[in-house]
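Hi everyone, thanks for making time today. Please have a look at the sequence and the structure on the screen, and then I'll walk you through them.

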There are 2 protein chains.
Amino acid sequence: MDSAFDQKIISFVGSNEGLWKVSKIETREGEALPTVKTIDIHKKNIETDLNEGWVLKAFISNLRYTNREEKTELDKNSKPLGQPEYDRAAFIPLKKSDEWWSLTQDERRKIFEEDSKHIQVSSKYLAYVSRQLHHSRDLGQPFDFLTWFEYSSAHEEQFEELCYTLRKAEEWKYVIRDIDFRMYK
Amino acid sequence: MDSAFDQKIISFVGSNEGLWKVSKIETREGEALPTVKTIDIHKKNIETDLNEGWVLKAFISNLRYTNREEKTELDKNSKPLGQPEYDRAAFIPLKKSDEWWSLTQDERRKIFEEDSKHIQVSSKYLAYVSRQLHHSRDLGQPFDFLTWFEYSSAHEEQFEELCYTLRKAEEWKYVIRDIDFRMYK
C-alpha cells in the first residue's frame, strides 16, 4: 500500500521457528487455526507466502471504552511488553458477533464495563501481566482482535484466573471465535 | 495484503478524469493537497502510480460515539450515498491533533456531542444531505477521516450552514488539517 501503512501494521506470524514456543493451543469458540510451533510479533506488514502456518494482521489504535478515571488507574501498574523476566506469553485472537458490532457505543460500553467489569477486573492483574490489544476487524481479517499477554511463570495461576473471570462475563456471550495459544520463551 | 483486505479498503482518487468534477478547493487548516479536476470513490484498494493527483485510503467502521437514542433519530432521515437527484458532493479530509487522540473515550464524547452537538446538529440536515464517514488514521494515512457528502444544488445553502456550524464548535479546535473540496456531477 505505502510505507506509512506498512509500518502501522503489526503481523502475527505462526510458523515453525521463532522466539515464542507454543506449549498449548485451545480452540474455545469457532474454527481452529492451523497448528504451529512458534508465534512471533513483527511490527510491520509482512507479505509472506508461508508453506505452512499463518500471518494475522492488526494495528494499535486509540482507546475505545476507557474513561479518564479508569485510564489513570490502569496506567499506575501497566508495563509494556518485553519485560525480560516475563517468560510466558498468551496469544488470544477473538471475533465478536455481528450483534455486538450493531450495538451503539453506549450499549457496548455498558456490556464491556458496567456489566462485565472488563477494565476493573483486568486492572488488578497489570502489576504482573503486560498486555497489548491489536485491532484486526477493520482490515477485513478473520478475527476482530489479536490480544497478546506476557507474564512470568510464577504468575501462571493468576493469568488463568484473569482469563476465567473475563470469559464468564456477559461480554463473552458476543465472542464467536476464541483460540487460546500459550507460549514460553 | 489479501483480497478480504483489498475489498475492505475504500480509495479516494483525485485525478483529471472522473464522475465528480471539482468546482472549489479550500485548504482551511494545514497543508494543501495537489490540485485535481475530479475526485472519485472506488470501493477497493487501488494501487495506482499516478503521474499526477493522489489516492487516499480509508475504511468504514462501527459507530464510535453515537448512542442508541441518537442512532434511532439519525436513522429516521438518513439516506445512503448515490441518490440520483443529488448532483453536488463535498469531500472533506480531516486530521485531528495528538491531543485529541490522547483523550479518553468519555472526554472525546463530551467534546464531540455534549459540547459541540455534532450528532444533534447534523441530524437536522440528513433529510437532504447524505453522508459517509471513512476512517483513515489506523492505516497510517495523512488524514484521520475522509468525509464525503452528497446533496442537491437546491440545498447548497443548507449544506454551507451545516459546515459553518460544525466548524465553529469546540470539536474543531482539535482539527489540524481540513481541506474542503466541492464537486458537481
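I'll talk about the symmetry, then the interface, and then a few individual residues. One thing to keep in mind from the start is that this is a predicted model.

Let's begin with how the two chains are related. In general, two copies of a chain are related by a rotation about an axis and a shift along it. Here, chain A is superposed on chain B by a rotation of 180 degrees, with 0.0 Å of shift along the axis and an RMSD of 0.0 Å. The two copies are therefore related as by a two-fold rotation axis. If you want to find that axis from chain A, look for A:R64, whose C-alpha is the nearest one in that chain, 3.7 Å from the axis. Both copies use the same surface, too: 100% of the contact residues of chain A recur in chain B.

Now to the interface itself. How many residues does the contact take from each chain? It takes 32 residues from chain A and 32 residues from chain B. Between them, the two chains bury about 2,600 Å², with 49% of that on carbon and sulfur atoms. There are also 16 residue pairs in polar contact between chain A and chain B. On the chain A side, the elements that give two or more residues are helix 1 (3-8), helix 2 (68-77) and helix 4 (105-115). Helix 4 of chain A gives the largest share, 4 residues. By type, the chain A side divides into 10 nonpolar, 10 polar and 12 charged residues.

That brings us to charge pairs. Side chains of opposite charge can pair when their charged atoms come close. Across the interface there are 4 salt bridges. One of them joins B:D138 to A:R64, with the closest N and O atoms 3.5 Å apart. You'll remember A:R64 as the residue whose C-alpha is nearest the axis in chain A. Another salt bridge links B:R68 and A:E107, at 2.7 Å between the closest N and O atoms. B:R68 lies in helix 2 of chain B and A:E107 in helix 4 of chain A, so this pair joins two chains. B:R68 is partly exposed, at 31% relative accessible area, and A:E107 is partly exposed as well, at 23%.

Over all chains, the structure holds 36 salt bridges. Among them is the pair of A:K173 and A:E170, whose closest N and O atoms are 2.9 Å apart. A:K173 counts as exposed at 63% relative accessibility, while A:E170 counts as partly exposed at 30%. There is also a network of salt bridges linking A:E160, A:R167, A:D178, A:D180 and A:R182.

Next, please find A:N45, in the loop between strand 3 (38-42) and strand 4 (54-58) of chain A. Is A:N45 buried or exposed? With a relative accessible area of 11%, A:N45 is buried, because buried means under 20%. Its side chain makes a polar contact of 2.9 Å with that of A:D6, and another of 2.6 Å with that of A:K57.

My last stop is A:K117, in the loop between helix 4 and helix 5 (118-123) of chain A. A:K117 is not a glycine, yet it has a positive phi of about 50 degrees. A:K117 is partly exposed, with a relative accessible area of 35%. In chain B, B:K117 has a positive phi near 50 degrees, and its relative accessible area is 35%.

Technical notes:
Residues are numbered from 1 along each chain as its sequence is written. Chains are lettered from A and ligands numbered from 1 in the order in which they are written. This is a predicted model: local features need pLDDT of at least 70, side-chain atom pairs count only at pLDDT 80 or more; totals for chains, interfaces and linings use all residues. Side-chain values use heavy atoms; hydrogens and water are left out. Contact means heavy atoms within 4.5 Å. Buried area is the accessible area (1.4 Å probe) that two parts lose on being put together, summed over both. A salt bridge is a side-chain nitrogen of Lys or Arg within 4 Å of a carboxyl oxygen of Asp or Glu. A polar contact is a pair of N or O atoms within 3.5 Å; within protein, one must be able to donate a hydrogen and the other to accept it, and residues adjacent in sequence count only if both atoms are side-chain atoms. Ala, Val, Leu, Ile, Met, Phe, Trp, Tyr, Cys and Pro count as nonpolar, Asp, Glu, Lys and Arg as charged, and the others, Gly among them, as polar. Buried means under 20% relative accessible area, exposed over 50%, partly exposed in between (1.4 Å probe, protein chains only). Copies are superposed by least squares on the C-alpha atoms of residues with pLDDT of at least 70 in both.
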